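Please read through the model below, first as a whole chain and then through one of its helices.

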Amino acid sequence: MTERVSAEQVEAFRRFNRYFTRRIGALDDHYLGQDRPLGEARLLFEIADGTAGVSLRELRGRLGLDAGYLSRMTKALEAQGMVRLGVPPHDSRLRTVELTPAGRAEVREQNRRSDALAAGLLDGLSPDQRAELTGAMATARRLLRLAGITLEVVDGVSPDARACLDAYAADIDARFPEGFDRAALVRPEEVTGDAGAFLVAFEEGRPVGCGALRRLDPGVGEIRHVWVSPEARRLGLARRLLDGLEREAHTRGLGVVRLDTHAALSEARAMYLACGYTEIPRYDDNVYASHWFEKRLSPPAG
């Protein structure tokens with residue numbers, strides 16, 4: 001269970017942020033020596049990712065920006081001739097933005113200057129130190145992504161719950177030699193309200209993982225369908241979902257949780273053992289199960 005964040009950890013995080021933002025020139029109104037601040041430069045970069053334009057709604061979600069602030073930056077870039085605004089033919093309620101030829105040239109120059117800045121910073125290190133730094137940055141990015149993902153309990157019939165279960169079913173149908181029958185999925189009423197819980201992991205507003213909890217017997221719950229989408233794997237999200245489901249079990253007075261897994265899911269079996277689960281005899285009639293586990297829960301820390 002997660003322990004409280006210490007004051008020392010908070011200060012170390014803030015100290016690094018202050019140093020890094022100053023070192024890369026994030027506080028300069030003329031970022032990379034160009035006539036715009038970092039916010040506008042980053043917005044140009046994000047717009048360049050869309051070949052046929054990107055919606056302002058998507059940019060708000062991706063960058064976590066206030067609608068008014070995004071609108072002001074977009075209008076400033078439009079006035080500079082960097083972008084053009086439009087309305088897609090399929091939905092008149094949306095506004096899209098795309099780069100102009102001048103905007104594309106600006107992004108190319110921006111990338112050239114960004115590469116030069118990064119190379120200049122790394123040039124002061126030995127090859128071993130560069131490898132150490134780039135490895136540390138990869139770890140930091142992974143952990144920051146994980147920290148930015150939120151877990152929410154949703155209704156079992158919600159669109160996000162059903163979308164996750166659809167993706168889960170398609171994923172394991174491809175992995176199980178015998179395929180998978182969707183009839184084996186939990187029913188919405190089993191994972192809603194007092195009966196259980198359905199957790200969805202959201203990254204920038206998109207569902208990227210899920211897990212279900214349902215009651216088996218008095219004081220005993222069962223965890224089902226722990227799944228992470230391919231683009232969010234190798235972050236540690238499956239363990240976080242498992243921890244969240246255990247917390248939900250504890251709040252419902254369930255002192256024991258059980259789960260099972262298929263022989264093809266060797267990584268799941270390894271994770272359950274590493275998270276304190278003990279292998280037990282068969283407890284259900286799940287035709288897809290080859291291994292069965294149980295864990296006695298302790299009260300959550302904090």
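What share of the contacts in the chain with a separation of 6 or more comes from residues 24 or more positions apart? Such residues account for 58% of these contacts, a contact being heavy atoms within 4.5 Å. The model is predicted, so local features need pLDDT of at least 70 and side-chain atom pairs count only at pLDDT 80 or more, while totals for chains, interfaces and linings use all residues. Residues are numbered from 1 along each chain as its sequence is written, and side-chain values use heavy atoms, with hydrogens and water left out.

The chain holds nine helices and 10 strands; these are DSSP runs numbered from the N terminus, with helices (H or I) of at least four residues and strands (E) of at least two. Its C-alpha atoms fill a box of roughly 65 × 50 × 40 Å along the principal axes. Of the 302 residues, 37% are buried, that is, under 20% relative accessible area with a 1.4 Å probe and protein chains only, whereas exposed means over 50%.

Helix H7 covers residues 159-175. Its 17 residues should span 24 Å at 1.5 Å a residue, which agrees with the 24 Å between its end C-alpha atoms; the expected span is 1.5 Å times one less than the number of residues. Buried in H7 are Ala161, Cys164, Leu165, Tyr168, Ala169, Asp171 and Ile172. They cover an arc of only 165° around the axis, so they lie on the same side of H7; the arc is taken from the directions from the helix axis to the C-beta atoms. Pro159, Ala170 and Ala174 are exposed on the other side of H7. The buried residues of H7 pack against strands S4 (150-154), S5 (196-203), S6 (206-217) and S7 (220-228).
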